[in-house]
Amino acid sequence: MSRRFLFVLGSARAEGNTELLARRAAERLPADVEQRWIDLAEQPLPDFEDLRHDSDHVRPPSSTPTGLLLDATLAATDIVIASPVYWYSVSAQTKRYLDHWSGWLRIPGLDFKARMAGRTLWGVAALADEELSVADPYAGTLRNSAAYMGMRFGGVLLGSGSKPGDVLNDTGALTRAETFFAQDAPLARFPYETVGAV
């Protein structure tokens, strides 16, 4: 299967530092790799409603933002969450997108979890801190989501930047961006599954 990347932009600011860093990394993808970019600010999802114990789960129409995101997610081999670090985790728009995965798990006949297994989840984020470890909760959110879905996890490309364009001054982040999508993405594991592993 040829690779198809879906970039899910979750920033509250158009063309912000996170998007700049994601686009820099995407420039290094081979020319035959399809790229699709969806800005959650332009395709706002409704608040997620937990209907786990209801029986009326239907696939959203493709004409709606929810249906568009579902179709794009299923079509991708690689999903890139490009969200800034907001309060040490993903943005509200991004969290809403991930919350909708819970609903998609329960659509009869969709087999969302089985279809996502083996695909790769990546993260790209800018944060207003030079100490990148403060983004550990962000990375944990994505890693654990990938582990639950049986996906691979390519890690998170982090860059430092607050004002527009700041991330372009982070030479370390720009260097990491050059090879970020070329690295191996192992099967995601929950932290408790790797404790003591050799």
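**View 1. Ala 147 and the residues it touches.** Leaving aside residues up to four places away in sequence, Ala 147 touches Ala 188, Arg 189 and Phe 190. Please keep in mind as you look around that this is a predicted model. Is Ala 147 buried or exposed? Its relative accessibility is 14%, and because buried means under 20%, Ala 147 counts as buried.

**View 2. Ala 147 and Leu 187, apart in sequence and in space.** Along the chain, 40 residues separate Ala 147 from Leu 187. In space, their C-alpha atoms are 7.4 Å apart.

**View 3. Strand β1 and its cover.** Now let us turn to another part of the model. Strand β1 takes in residues 4–9 and is mostly covered. How many of its six residues are buried? Five of them are.

**View 4. Strand β1 beside strand β2.** Strand β2 covers residues 34–39, and β1 pairs with β2 in the parallel sense through six bridges. To find your way along this pairing, look for Leu 6, whose bridge partner in β2 is Arg 36.

**View 5. Strand β1 beside strand β3.** Which strand pairs with β1 over five bridges? That is β3, residues 78–82, and the pairing runs in the parallel sense. A handy landmark here is Val 8, with Ile 81 as its bridge partner in β3.

Notes:
Residues numbered from 1 in each chain as written. Predicted model: local features only at pLDDT ≥ 70, side-chain atom pairs only at ≥ 80, totals over all residues. Heavy atoms only, no water. Buried < 20%, exposed > 50% of the residue type's maximum accessible area, 1.4 Å probe, protein only. Contact = heavy atoms within 4.5 Å. Helix = DSSP H or I, 4+ residues; strand = E, 2+ residues; numbered from the N terminus. Pairing = 2+ DSSP bridges.
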